[in-house]
Amino acid sequence: MWVNVGVLLFVLNFKSTCQYEVPQPDITVHKPRGFSVSIPHESGIEIFAFHGNINRKLVGLGAGEFSVDIRKQENGKWIFHDSSRKLKGGDVIYYWLFVIKDGLGYRLDDGRFVVEESHNSDEHKTASPSRQENPTCLEGILNVTKTLLEQQAYINALELANKQMRTYIEQQKDGRKLTISGRLPPDDMASPTVSFILREKLDLNPIIVSAERHNDGSITFEVPSVEDKIEILQAARKKLATSAISIT
C-alpha cells in the first residue's frame, strides 16, 4: 500500500515541476522605431525564443518574420529587441513564445498585440494568449507512473511469494529452529547461552522457546516465529561474517 501512496506523491511532485507557464510578456514600442518583448527571469530558464510577424498572422508555429533565440538574461529579464521596424497606431504584432526551463520546453501561443494610436515608450501588456501544455512533461509523468505501478505489481507478487514461503516453512518440523555452532562457552545451559550470544553479538533479544546442546558443543534452538528466524539469520550474515561463531 505504501508504494501506491509513493506513486501518488511522486506524480504530484513531478507534475508540480511541469507547472511553469510562460508569463504574459511586456511589449514596449519605441520611438522613433523598434520594439521589445520581455518576460521576467526565473531560476532554471536557459532560453527565451520570440517568433513573430507584423500585421500578418503566423501559420501554426511558423518561424515568422522575427525568429530569435535569446540565451542570456538582462537585469532579471529575458528580452527580445528589434530596432529596425517603425510601428504606427493600429499595427498588430502576432507572436508565439518558447521557453526552455530546467531542460523542459514551454510555449505561449497565439499572442497578439495592437499598437495604440498614440503610443509612447511605456510598456504595454498583451491580451492573454493561449498556453500549450508541455507534452514532453506530461509524457514523462505517464512513463514514470507506469514504471512505478509495474514495480508495485512486482513488489506485490514478491510479498505474496514471501507469505507463501513463510507459511510453508512454518509447517515444517524444524521451521522455526536454528543451530548455533563454533566457539561457544562450554558446559553452560543452552538457553541462556543462546540468549547471551544473540544479545551480545547480534543486538537481538528474541524469546527462546527451547534450546538443546549437542555432543559437538553446538546448540539447536527454536524461536516463536519464522520472522524471528529470518531476522536472526540476516543479522548473523552481517555481524558474524568474521566471527568464530556461526548461526544456520
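This section describes the strand pairing, helix packing and selected backbone features of a predicted model.

The secondary structure of the protein chain in this predicted model comprises four helices and 13 strands. Of the 248 residues in the protein chain, 36% are buried. Among contacts with a separation of 6 or more, 63% are formed by residues 24 or more positions apart.

Strand 3, which spans residues 45-54, is paired with two other strands, strand 4 and strand 6. Nine bridges connect strand 3 to strand 6 (residues 92-101), and the two run antiparallel. Within this pairing, F48 has V99 of strand 6 as its bridge partner. Strand 3 is also joined to strand 4 (residues 66-70) by five bridges, again in an antiparallel arrangement. Here A49 stands opposite D69 of strand 4. Nine of the 10 residues of strand 3 are buried, so this strand is largely enclosed by the rest of the structure.

Strand 6 is in turn joined to strand 7 (residues 104-114) by nine bridges, and these strands run antiparallel. The bridge partner of Y95 in strand 7 is G111. Strand 6 and strand 7 form a hairpin in which two residues lie between the strands. D102, located in the turn, has a positive phi of about 55 degrees.

I70 lies in strand 4, and its relative accessibility of 13% falls under the 20% limit for a buried residue. When neighbours within four places in sequence are left aside, I70 is in contact with E46, I47, F48, W78, I79 and F80. Of these, E46, I47 and F48 fall within the residue range of strand 3, whereas W78, I79 and F80 fall within that of strand 5 (77-82). I70 and V99 are separated by 29 residues in sequence, and their C-alpha atoms are 9.5 Å apart in space. V99 is the residue of strand 6 that is bridged to F48, and F48 is itself among the contacts of I70.

Strand 10 (residues 177-182) and strand 12 (residues 219-222) run antiparallel and are joined by four bridges. In this pair, L178 has F221 of strand 12 as its bridge partner.

The contact involves L198, K201 and L202 of helix 3 together with I232, A235, A236 and K239 of helix 4. By class, five nonpolar and two charged residues take part in the contact of helix 3 with helix 4, and no polar residue does.

Several backbone features occur in loops. The peptide bond from K31 to P32 is cis, with omega near 0 degrees. P32 is found in the loop that connects strand 1 (26-29) and strand 2 (35-40). A positive phi, near 50 degrees, is adopted by N75, a residue other than glycine. N75 is placed in the loop between strand 4 and strand 5. With a relative accessibility of 82%, which is over the 50% limit, N75 counts as exposed. D203 likewise has a positive phi, of about 60 degrees, although D203 is not a glycine. The loop that holds D203 lies between helix 3 and strand 11. D203 is exposed, with a relative accessible area of 62%.

Technical notes: Residues numbered from 1 in each chain as written. Predicted model: local features only at pLDDT ≥ 70, side-chain atom pairs only at ≥ 80, totals over all residues. Heavy atoms only, no water. Contact = heavy atoms within 4.5 Å. Nonpolar A, V, L, I, M, F, W, Y, C, P; charged D, E, K, R; others polar. Buried < 20%, exposed > 50% of the residue type's maximum accessible area, 1.4 Å probe, protein only. Pairing = 2+ DSSP bridges.
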